[in-house]
Amino acid sequence: MNDEELVFRARNGNMQAFAELIDIHTPTVKRFAFQLGNKYDDIDDITQEVFVRVFRFLDQFSHAKFTTWLYKITLNVTRDFARNKQRQIKKVLKFGKERTYNGKTAEENILRFEEDKTLHDCIQKLDEKYRIPIVLFYFHDKSYDEIADITGISLANVKTRLLRGKDHLKKLLALAEKREGENHG
Amino acid sequence: MDDQLLEKRLDSLKKAYNDIPEEENRSAILAAIKKDQKRKNHNKWFHLPYAASFIGVGLIAGILMMQYISNHSLNPGEHRSGENSITGEVKAAHVEEQFEMIEKYFYSKQAEVEEKLGLSYRTVEIPLAPQLLNEIDDTKANALDNLENYNQDELMEMKQHIKERIDKTFTLPSEVIEKFHGDDRDRYGDMELEQQLLLQLEYYQSVYWHSDITSLFEKELKEESAARLAAKLNSGGKGIKNDQLRSLAAGAKENGYYFKGNEAGAIHSEINYSWVADQLKPNVHEDFITYLELRDEKIHDHQGRVLSYQKLGELLVKYEKVIHTFTHEMIKEWIIGDVKSYYAEFVHGPNPSAIFDEHNVLKDEVKEAFKSIMSVYPETDTGKSIKRFYEELERNKFQKPTDFDNQMVSFPIYMVAPNNLKNEDVFSDILPLSNELLASYNEFSSQKDLNILKQYNPFEIMSLYFHANEQGDYETMYALYSQNDAMPNLEQFLKEQGNGSSLGNVLRGYQFATLFYAEDDLGKPVGVQLHYSDDADSLIFQMTQEDGIWKVRYMPFQYPG
């Protein structure tokens, strides 16, 4: 059954259909949320909130492709989450990152190679307007049209931002690697 | 840094991202949704106090209200006559006014449906379509927050859209059944009415459930059992004095429901699919009739628990046999959807721990059902898949595997492969290995004698390769390669595998495999093509036959050109 049929059924109260949508799309939502710069420990909360909103607004979803809509909601939830997080950080001082069974942070377990970690960090340093198109284009295989739909910017802007984003990224990466070289003597 | 290098680095990072572990999130998400809905429903009654009184007014008020609405403004064309400008500015008071009408329309339609179903006197004061009401509220809040983004036309369009949603939601199954026999039957698309009927049947069953119908029978249940009372209701209310209950019985029957009473004294509704099928004849495709009749096989109790795993297994086999007779592609797709969820339930349970006991051992009832299906129906795809699954559990002494909760269900081949493929060209499960293949693997792993592989086809050799990789048995992996390809020596190869090279990703979303043939010689297989559930590009696993033995090409994975 494709997304549209599942949405159709879910909208009419079939929770099994909605559960299938959750199963199918959770990995994409989690990956996208992580790539947008969220801490891995927050990903489950964000994913949960994304699907709560999807369910809440299921009836307002009409002609758009379901995945496009899902990406949009994930972007919104991430932005809201970042705002709340900032408020929380002011209140609570956190000591260190949560560690997993092997003593590494969840992020370290995913980004096992130093080169991947450096690139991930550089992407996070990009301005959001460059970061989102780059993430969608390179990691989710989205076309220019789809990126324009998800981000709500024009096709020409998508192309420009991808080009500029790549340039910024190259510079950030060169700088990071230069620093790393200096640190390692 | 040049573009090429950056792209390569991005590609490497993509692979790392794709390895993010897939943990089970479904139950936590569903619980959060339930909580969210409950909160919203609760709040609803604080700001909609008039709702209950409106329901009480009943049908007459409903009709009057509908007349009022249709005379006033649910028709956008009529509404515009009073406006200074069609695309004029929208004011908050205007939005409030329009949404008040929408809500009144909602309640009038609800009252109409309650009357028809005999639910006017239900004791549970929640709307029949709470989700829709929430959405109307959300839409209103959104419109009020963004007045500058709306003009009159858009507001009217939005209202019309909501009205259509209300009409659709409050369409009873009996009304959909009527459409099958109407003169304008042809104006509906292929399977449009069938799909609508299925949805409305399911929807109104949940309405009965939410309405807590048992509470309507409080007095009667003091005098007789729930089962007897349910039988009376199903016979059209004969012997029941209470008018309200008789109208409930009539409403249910007319819409394709019947009642069941259990020992705990509760009464619940079931969909009478066979009765519905009879009502549709002869104006419906015969596959749809069979589909409905199959749905009448009840395998769950009213709380969604599997009544009998043996019966569930038998039903799976019945589905497999019937599906091959279907000619309508869309109905076939629906029925495959149904049987897939039943199969997943059979091998994984409605939740991951349902088929295991408190010590994480496979329950006897489930084990016996597996054994029965694989021995009585060995020739069926269902029987073959169950056998493979059973053997894997047997090797694990029937203990729940540690990664069981995250395992993908491996479906019988007929559920995943297109039906135009010949049986001998299609292959389903790569892992785990069957007992027979595992024995050959162990023998080959210790002796490296290629003659052991002689009896196996390309699919099976590929399975051995994946198994060797899973086991970290790189020497055996190496021994499966064709030595005619340019490749490193064994020592170099083992060194390269030092950090571990898992093929687990390749199997993510995998559904089935077919033989892949040479472009210039369609009779000569040159590998196996892997097909995935998400329609992602299929991968080719390249192979070659040497002296009658299938070998793996070095670096076997390639995308089709």
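Over the face of which residue does B:Lys367 lie, and at what distance from the ring centre? I looked this up and found that B:Lys367 lies over the face of B:Phe398, at 4.2 Å from the ring centre. I then turned to B:Lys340, whose charged end sits over the ring of B:Phe411, 4.9 Å from its centre. For such an entry I required NZ of Lys or CZ of Arg within 6 Å of the ring centre and within 35 degrees of the ring normal.

**Basis of the entries.** I note that this is a predicted model, in which local features need pLDDT of at least 70 and side-chain atom pairs count only at pLDDT 80 or more, while totals for chains, interfaces and linings use all residues. Residues are numbered from 1 along each chain as its sequence is written, chains are lettered from A and ligands numbered from 1 in the order in which they are written, and side-chain values use heavy atoms, with hydrogens and water left out.

**Aromatic pairs.** I paired rings of Phe, Tyr and Trp (its six-membered ring) if their centres lie within 6.5 Å; planes under 30 degrees apart count as stacked, over 60 as edge-to-face and the rest as tilted. I recorded 35 aromatic pairs over all chains. One of them joins B:Phe370 and B:Phe389 edge-to-face, at 5.7 Å centre to centre and 80° between the planes. This pair links distant parts of the chain, for B:Phe370 belongs to helix H17 (residues 364-376) of chain B and B:Phe389 to helix H18 (residues 381-395) of chain B, 19 residues apart. Helices (H or I, at least four residues) and strands (E, at least two) are DSSP runs, numbered from the N terminus. B:Phe370 counts as buried because its relative accessibility is 0%, and B:Phe389 counts as buried at 12%. Buried means under 20% relative accessible area, exposed over 50%, and partly exposed in between (1.4 Å probe, protein chains only).

I next examined B:Phe466 and B:Phe557, an edge-to-face pair with 6.0 Å centre to centre and 75° between the planes. B:Phe466 lies in helix H21 (residues 458-471) of chain B and B:Phe557 in strand S7 (residues 549-558) of chain B, 91 residues apart. B:Phe466 is buried at 2% relative accessibility, whereas B:Phe557, at 25%, is partly exposed. Ring pairs link both residues into a cluster whose members include B:Tyr465, B:Tyr478 and B:Phe541.

**Chain A.** I found nine helices and zero strands in chain A. Of its 185 residues, 48% count as buried.
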